[in-house]
Amino acid sequence: MEKEFLKQTGRIFDIQKYSIHDGPGIRTIVFLKGCALRCKWCCNPESQSFQIQTMMQDGREKVIGRDATVEEVMEEVRKDTYHFKRSGGGLTLSGGESLLQPEFASALFQAAQYYGMNTALESTGFAKFEIIKEKILPFLDLFLMDIKHLDSAKHKLFTGQPNELILDNARKIAAEGQKLIIRVPVIPTFNDTPEEILQIAQFARTLPGVEQLHLLPYHRLGQDKYEGLERDYTLRHLVPPDNEHMEMLAQVARTCGLYVQIGG
């Protein structure tokens with residue numbers, strides 16, 4: 001019988017191979033189009049709109065976004081099956097926010113599991129919990145969840161959305177027994193003080209089964225993309241945190257009894 005999930009169609013904008021930072025082993029990352037947040041530091045601004053766009057890159061126009069079936073995506077992902085099996089790796093979905101294409105994300109994970117791959121999701125958790133529970137969790141090995149700030153007003157100022165839904169979903173996802181790692185993009189002027197990182201670490205410690213916290217230092221690698229999209233990059237004045245500052249923040253977070261690492 002033909003696998004129905006292979007026919008599901010969605011919109012992607014990139015496939016990245018040989019990643020070692022987005023789940024166990026060697027990963028292939030499929031980036032889905034569309035996001036409900038508008039983080040000021042976003043390094044993939046071309047991911048935010050669900051629409052297919054044109055972006056200037058190296059002096060040439062580049063079309064960002066294409067529609068594909070799960071079967072077409074998996075045809076590319078499966079080329080690295082050998083590396084997945086040797087390393088315990090597999091498929092990671094990122095974006096954008098994959099939860100905005102729940103049927104497509106679910107079908108991709110079902111296909112990955114059918115082919116014996118580990119599955120991971122990089123996500124803000126910004127969706128109805130019923131969608132996450134029914135469409136994603138049954139087919140997911142690892143949830144890499146961003147928790148950016150505990151203050152909802154500051155969260156909204158820097159991301160365009162409040163944080164109540166995100167924090168509530170983190171609690172519910174952990175309560176389901178899902179393997180969950182909390183990740184924090186460390187952004188100067190937003191959440192790079194010891195007090196703010198400690199608050200996030202303390203929250204993470206309350207989540208059942210959560211043992212790891214990853215601190216991801218701010219960088220400017222996506223700045224040129226804003227120019228290519230004719231958008232203003234409003235954080236160009238920020239200086240990325242140095243290693244000493246990041247290690248200090250990590251030490252603060254470790255006081256909560258978590259395994260804390262710098263980087264994904």
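I'll start with the residues that line the largest pocket: 20 are nonpolar, 15 polar and 10 charged. Keep in mind that this is a predicted model.

How much space lies in the largest pocket? About 1,200 Å³. Its lining is made of 45 residues, and those nearest the centre are Cys43, Asn44, Ser94, Gly95 and Glu122. Several strands give two or more residues to that lining, including β2 (27-32), β7 (118-123) and β10 (212-217). The largest share comes from β1, with 5 residues.

Next, the second largest pocket. About 160 Å³ of space lies in it. There are 14 lining residues here, with Gly23, Pro24, Leu142, Leu144 and Ile181 nearest the centre. The elements that give two or more residues to this lining are β8 and β9. By type, the lining of the second largest pocket has 5 nonpolar, 5 polar and 4 charged residues.

Now to the helices. Two packed helices are described by the angle between their axes and the distance between the axes. Here the pair is α1, residues 70-77, and α3, residues 102-114; their axes come within 10 Å and cross at roughly 45°. Are they parallel or oblique? At that angle, α1 and α3 are therefore oblique to each other. The crossing of α1 past α3 is right-handed.

Which residues make the contact? From α1 they are Val70, Val73 and Met74, and from α3 they are Phe104, Ala107, Leu108, Ala111 and Ala112. In this contact, 8 residues are nonpolar, with no polar and no charged ones.

Key: Residues are numbered from 1 along each chain as its sequence is written. This is a predicted model: local features need pLDDT of at least 70, side-chain atom pairs count only at pLDDT 80 or more; totals for chains, interfaces and linings use all residues. Side-chain values use heavy atoms; hydrogens and water are left out. On a 1 Å grid over the protein atoms alone, a cavity is a set of points where a 1.4 Å probe fits but cannot get out, and a pocket is an open set with protein on both sides within 12 Å along at least five of seven lines; lining residues have an atom within 4 Å of a point. Grid points are joined across faces, edges and corners, and a volume is the space filled by probe spheres set on the points. Helices (H or I, at least four residues) and strands (E, at least two) are DSSP runs, numbered from the N terminus. Ala, Val, Leu, Ile, Met, Phe, Trp, Tyr, Cys and Pro count as nonpolar, Asp, Glu, Lys and Arg as charged, and the others, Gly among them, as polar. Axes are lines fitted to C-alpha atoms, for helices over the stretch in contact, and angles run from 0 to 180 degrees between N-to-C directions. Angles under 35 degrees count as roughly parallel, over 145 as roughly antiparallel, 65 to 115 as roughly perpendicular and the rest as oblique. A crossing is left-handed if the near helix is turned anticlockwise from the far one by less than a right angle, and right-handed if clockwise. Contact means heavy atoms within 4.5 Å.
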